[in-house]
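Biologist: I would like a close look at the ring contacts in this model, with the cut-offs spelled out. Please carry on into the packing elsewhere.

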Amino acid sequence: TPTYGAHHFSLRYWNSSEHGKASPKKPQWVDELQQKQPLNDMDTVVLAINSASAAQKYFERHDSFKQSSANIPIISMFCTFMWHILAMSLASLSTLFYIFIQFFHSFLNFESQSWVYSASAKAFSNTWINFRIRSCQILYWPIFLQDNDLRSQTSVECAEKVALHKHSLWSSLVVDILLGDLIGLALLFHAESICSWVSNIASNLTNELLRSGSVWLMGVPAGFKLNIELAEVLGMISLNTIQIWSTLWIFVGSLFIYFIKGLAILAILFGVTIPAALVIDMIVIVTLHVSTLHWLISILYSQQLHALAALWRIFRGRKWNPLRQRLDSFDYTVKQHVVGSLLFTPLLLLLPTTSVFYIFFSIMNTAISLSCMFIEVIISVIHATPYIKIALRLIKPRRFPLGIWFEIIACHNNSSHSPWSAYIDRNSLPVDEAPRKEDIDRTVSSVLISILHSNYLSIGQMVLPHYRKAFSGVSRSYIATSVFGLLSGNKVASTLGATLPSTMPWLCIPYNEYWCLCRNSVLACMVDCNYYRCHDSRPPSFGLT
């Protein structure tokens, strides 16, 4: 019997409302079966099976609570007392976070018109988005947990889906905070060693890669003969920019240890996603000189390519038509050909020098962007992973059905001339040895005994739709577009554009009401657990024929 918390049946993917794809080519005996009188629709039959015991349970709910409350053992009283303590503790802790979030939100609204707020919102955009998501999760988890959808009273399948929807928000919040506690405590206890390690890496990258690379490009890199004057100009601009930025960060480096400790405290209190987003923003700020140099040289490189392409069209007698987006024939004058020749030659000879600097800074900027994308992928995976589904799949895989199948126990025919009069085991009958139509026609009557079973979703099949939805915003041609942008000197997106959880309207209620809401939500979970545990222990109240 399908029971909430135990199992139910489904003809398709458990978390999909779409019908399955077209089945492969059907054998001949399937067409012969379809010519007979059609039976009941399998969708209707499975829905009736899943709904059979749900109505009876809701009728008996009130009586069961009376009977269970009449004789409560000491262990049950102790569990109820501890659950109330847990409910009040969680409500108090959540209320403290609620007060801090409301105060911070009020402060931001008060300073929203200042230029400092606008600049910080742009500089720390990833942190702000993830903090907004975390705030909505803290504000709305008791409301989601207390959501009593009427659809859950129709069948066991609906009850399972509604329950997982209720518990998905707080489970994601809890796992995020637990990961943040582990990483935050590790950062807090090893703050000095991490600070020295990061400082050494930053120093090596600045001295060994940026400075040495710029000096190397000013000479004869890899044997290429470059334009000395242009290489010296670009190299000196790069070295001066790197030196100025390094000097500024010498004064800020003494405060880096406090940043590590603040990052650890932020991870312990709010989870790992907000500090990870803050790390992305800090990487972008720290490497601002690299991105600025890459931006300037990319402008020079792209304009040089466009100028060479336009001058080459002069020699071919073609002209770009911006209205029709095509190349048209055009008769250029002798003066235009002479001016084009005079401009084309130096631009073509200076292109290798510009290209070498552009390739160097493109490699540096791409490495920085890939590190930020890697952290962005980790944040999206943490948000998109269905932790409650994975936990229940490991404990009770029958709660995630994927299609049904019948195990044939025995098949007994009354006809004495039939070759199928003996008991037939399900595994001992290959498909190619199925009874022919003549044998079936000689059968007078038969008794078939079978057991209804259900296939189950694997963890990969369960998690993959969530990850596919999270990364649905990533374009399939992202790599091709990025490569074309790098080759042509155009701007390349520095983020993947993964989909994060949507934020909800800001919730503002009195503190005492929020505390009561959190406490009642946790107590409602205890009531549901006791109710379904009481009914799950009962034997099935009906049979299937």
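Which residue has its charged end over the ring of Phe-330, and at what distance from the ring centre?

Modeller: That residue is Lys-319, and its charged end is 4.7 Å from the centre of the Phe-330 ring. A charge sits over a ring when NZ of Lys or CZ of Arg is within 6 Å of the ring centre and within 35 degrees of the ring normal. The model is predicted: local features need pLDDT of at least 70, side-chain atom pairs count only at pLDDT 80 or more, and totals for chains, interfaces and linings use all residues. Residues are numbered from 1 along each chain as its sequence is written, and side-chain values use heavy atoms, leaving out hydrogens and water.

Now ring against ring. Rings of Phe, Tyr and Trp (its six-membered ring) pair if their centres lie within 6.5 Å; planes under 30 degrees apart are stacked, over 60 edge-to-face, the rest tilted. That rule gives 15 aromatic pairs. One of them joins Tyr-98 and Tyr-511, edge-to-face, at 5.9 Å between centres and 85 degrees between planes. Tyr-98 belongs to helix H3 (residues 74–110) and Tyr-511 to helix H17 (residues 511–536), so this pair ties together parts 413 residues apart in sequence. Helices (H or I, at least four residues) and strands (E, at least two) are DSSP runs, numbered from the N terminus. Tyr-98 is buried at 0% relative accessible area, whereas Tyr-511 is partly exposed at 42%. Buried means under 20%, exposed over 50%, partly exposed in between (1.4 Å probe, protein chains only).

Phe-104 and Phe-131 have ring centres 5.2 Å apart and planes at 75 degrees, so they too are edge-to-face. Phe-104 is in helix H3 and Phe-131 in helix H5 (residues 125–145), so parts 27 residues apart in sequence are tied together. Phe-104 is partly exposed, at 29%. Phe-131 is buried, at 12%.

Next, helix packing. The axes of helix H13 (residues 387–395) and helix H15 (residues 459–470) come within 10 Å and cross at roughly 170 degrees. Axes are lines fitted to C-alpha atoms, for helices over the stretch in contact, with angles from 0 to 180 degrees between N-to-C directions. H13 and H15 are therefore roughly antiparallel, a label for angles over 145 degrees, while under 35 is roughly parallel, 65 to 115 roughly perpendicular and the rest oblique. H13 contributes Lys-389, Ile-390, Arg-393 and Leu-394 to the contact; H15 contributes Ile-459, Met-462, Val-463 and His-466. Contact means heavy atoms within 4.5 Å.
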